[in-house]
Number of protein chains: 2
Amino acid sequence: MAAENALHMNAAEHEISYANNSVFQKEVILKVRPIIEESIIAAFSEFVPACMKVAELGCSSGPNTFVAIALVVDIIHAICRQQQLKLPELEVLLNDLPENDFNSMFRSVPNFIDRLKKEKGDMGCYVGGVAGSFYDRLFPTRSLHFVHCSYALMWLSKVPVGVESNKGNIFMARSSPPNVFKAYADQFQKDFTKFLSMRSEEIIPQGRMVLTFMARKNQNPSDEDYGWELLAKSLLDLVAQGVVKEADVDSFNLPMYSPCKEEVAEIVEREGSFENNELQVFVVDTVPLSREKQLRDEDVAKTIANTVRAATEPILCDHFGDSIIEELFIRFAENVANAPNNSMHQRVSIVVLLTNKG
Amino acid sequence: MAAENALHMNAAEHEISYANNSVFQKEVILKVRPIIEESIIAAFSEFVPACMKVAELGCSSGPNTFVAIALVVDIIHAICRQQQLKLPELEVLLNDLPENDFNSMFRSVPNFIDRLKKEKGDMGCYVGGVAGSFYDRLFPTRSLHFVHCSYALMWLSKVPVGVESNKGNIFMARSSPPNVFKAYADQFQKDFTKFLSMRSEEIIPQGRMVLTFMARKNQNPSDEDYGWELLAKSLLDLVAQGVVKEADVDSFNLPMYSPCKEEVAEIVEREGSFENNELQVFVVDTVPLSREKQLRDEDVAKTIANTVRAATEPILCDHFGDSIIEELFIRFAENVANAPNNSMHQRVSIVVLLTNKG
């Protein structure tokens with residue numbers, strides 16, 4: 001399967017848009033703020049460029065596109081004020097696959113720039129977009145100072161080869177045959193290695209990169225509860241209803257991966273271009289407000305279902321057709337509500353801070 | 001009127017899209033090839049950058065977006081081969097207002113890059129998009145080597161102030177009161193001056209800029225047949241039918257301008273940042289194939305109507321509403337067919353090559 005054409009979040013005008021269903025992803029970005037801070041302080045201790053060129057990879061479209069950038073601007077401002085450095089201009093390049101909703105993204109740029117000018121004065125912040133896969137080259141050689149990528153790198157370039165035996169599952173699951181774990185791990189290793197190697201050509205020597213993505217806690221991949229069993233179960237419910245063919249579920253697998261931290265460290269080490277300055281695993285609630293607001297299980301489940309739908313609908317439609325989606329996510333919300341301890345309620349994430357050895 | 005939100009060409013999925021109705025604009029780009037060539041030869045005689053950063057301003061979306069860029073790549077290749085220079089990487093930034101159809105533009109990037117790789121090998125060409133008005137800053141200070149802008153600069157930042165007396169017309173016309181010509185000329189002078197001043201900060205010293213836009217032949221603006229009288233006439237036809245209010249036609253004026261070459265030269269001189277290396281006025285058939293193919297007057301008129309519609313529909317809809325468009329352009333095509341010598345059949349253009357004094 002060529003994942004690229006179906007691999008994008010739901011567009012702004014969509015019923016369940018990613019823009020309105022990505023609160024969790026925002027929480028993740030805010031959580032890694034100290035690491036972004038650390039990376040920019042380290043970079044500026046060496047050299048402040050006249051114009052700092054920053055890339056946001058897998059930016060999608062919606063409020064989160066600008067959360068990370070606003071954070072980077074904030075941090076740069078604070079450091080320059082504190083250390084009495086001349087404020088650099090900022091060139092921001094937002095990247096996603098060509099099917100991303102760039103129109104909606106670009107239409108929110110003027111508001112972002114206006115807000116920035118009001119809050120910080122006219123520092124010279126220039127925002128552009130770049131369409132393409134981050135598993136290929138995207139930017140000129142040695143042109144970037146800082147790269148940020150949040151919740152995009154778990155998406156593989158394609159469904160791994162050799163997962164035909166993963167029947168009744170749509171991702172690694174505790175009941176998956178051993179070769180499925182290997183096939184997934186191999187694909188991630190290839191993709192992440194290529195990602196590092198492409199970026200090592202684009203980032204200046206000593207330039208930094210902060211990457212956050214889905215991960216797992218257990219070193220043994222078959223010990224983990226990935227949570228996606230509930231989406232598989234919902235598809236099998238539709239098989240039982242006669243709405244979906246069993247063979248279609250058997251042949252569907254998500255082009256995603258959840259590595260453990262040892263795996264990530266090893267790939268970085270083996271690829272060799274980057275120094276690994278920091279590596280942390282952390283957990284974030286999928287519905288961050290659920291505890292404070294004491295939401296009912298059904299409401300939490302609905303929110304989780306929308307979050308998952310906004311991110312997976314195009315790829316599900318590509319395989320199963322549009323007509324099942326509404327019913328599938330009603331089922332999925334029910335299944336999530338009935339399994340309040342399922343790991344869909346929390347996501348394990350990993351964050352790495354890397355420096356280009358140059 | 002804030003022209004910006006309505007000032008964009010028709011999107012790709014539109015019945016009469018700009019993508020399918022911009023053959024004339026392509027002719028114009030091809031016509032100025034020698035001047036682009038001259039500018040790059042001159043630039044490379046001083047210095048070949050490791051990565052050449054090129055901006056295409058007012059790129060719109062459709063095949064023409066890539067015509068100019070393909071031409072620039074071609075020229076760079078030929079010069080480097082001939083003079084045995086190391087081929088630079090190329091960073092291309094495509095700019096238009098935020099309402100432009102960037103999605104359709106980005107979806108055609110992979111094809112463009114693939115074709116380039118096949119024809120020229122992998123030279124390292126990176127394409128991005130930047131949304132915003134070229135009457136503001138768009139790019140970091142001293143970051144661009146070459147700027148191209150074709151058939152966009154005649155669009156003003158707004159309808160000139162003080163053209164309320166231009167009743168029954170929608171643009172400068174031979175029957176317009178004198179103050180209307182002055183109001184239009186003043187607005188163009190302000191806008192073009194701002195454009196030059198913004199670009200002078202963004203382009204490196206000795207960097208070049210090639211600008212092509214709508215112009216007029218006569219120094220006296222009231223001597224010119226601008227051709228837009230036929231669109232005004234078509235609107236008045238709808239007034240006669242009771243479909244459009246006369247007051248709405250009276251209060252509508254296009255945010256466009258056609259300068260003569262003396263005016264352009266004077267503004268460049270007065271703004272002071274650029275050396276004026278070349279300035280030519282030339283004429284292109286609006287339907288370039290009409291002579292070879294001996295098209296019937298009605299077919300030529302239909303093509304002209306579609307070309308005009310693809311470029312003006314959003315701004316007309318914004319003022320008159322969507323419902324009149326179909327009927328308006330049927331009328332317009334009839335009026336064009338009945339006036340085969342009207343200057344809608346040919347467009348006067350101006351091209352300038354400017355070098356940043358730095």
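**The interface of chain B and chain A**

A salt bridge joins B:Arg137 to A:Glu89, with their closest N and O atoms 3.7 Å apart. This contact belongs to a predicted model, and across the interface of chain B and chain A six salt bridges are found. Polar contacts are also present there, linking 16 residue pairs in which both residues have a pLDDT of 80 or more.

The side of chain B that touches chain A draws on several elements. Strand S1 (51–57), strand S2 (89–96), helix H4 (102–107) and strand S3 (125–131) of chain B each supply at least two of its residues. Of the elements of chain B, S3(B) gives the most to this side, with six residues. By residue class, the side of chain B that touches chain A comprises 13 nonpolar, five polar and seven charged residues.

The extent of the interface can be stated in two ways. Counted by residues, 25 of chain B are in contact with 25 of chain A. The size of an interface is often given as the accessible area lost when the parts come together. For chain B and chain A, about 2,000 Å² is buried between them, and 52% of it lies on carbon and sulfur atoms.

It remains to consider confidence. The predictor assigns the complex an ipTM of 0.87 and a pTM of 0.89. Chain A has an average pLDDT of 89, and 94% of its residues score at least 70. Within chain A, helix H9 (residues 261–271) has the highest confidence, at a mean of 98, whereas helix H10 (residues 290–293) has the lowest, at a mean of 61. Where pLDDT is low, the predicted coordinates should not be read in detail.

How values were computed
Residues numbered from 1 in each chain as written. Chains lettered and ligands numbered in written order. Predicted model: local features only at pLDDT ≥ 70, side-chain atom pairs only at ≥ 80, totals over all residues. Heavy atoms only, no water. pLDDT = per-residue confidence, 0-100. Helix = DSSP H or I, 4+ residues; strand = E, 2+ residues; numbered from the N terminus. Contact = heavy atoms within 4.5 Å. Buried area = accessible area lost by both parts, 1.4 Å probe. Salt bridge = Lys/Arg side-chain N within 4 Å of Asp/Glu carboxyl O. Polar contact = N/O pair within 3.5 Å; in protein donor to acceptor, adjacent residues only side chain to side chain. Nonpolar A, V, L, I, M, F, W, Y, C, P; charged D, E, K, R; others polar.
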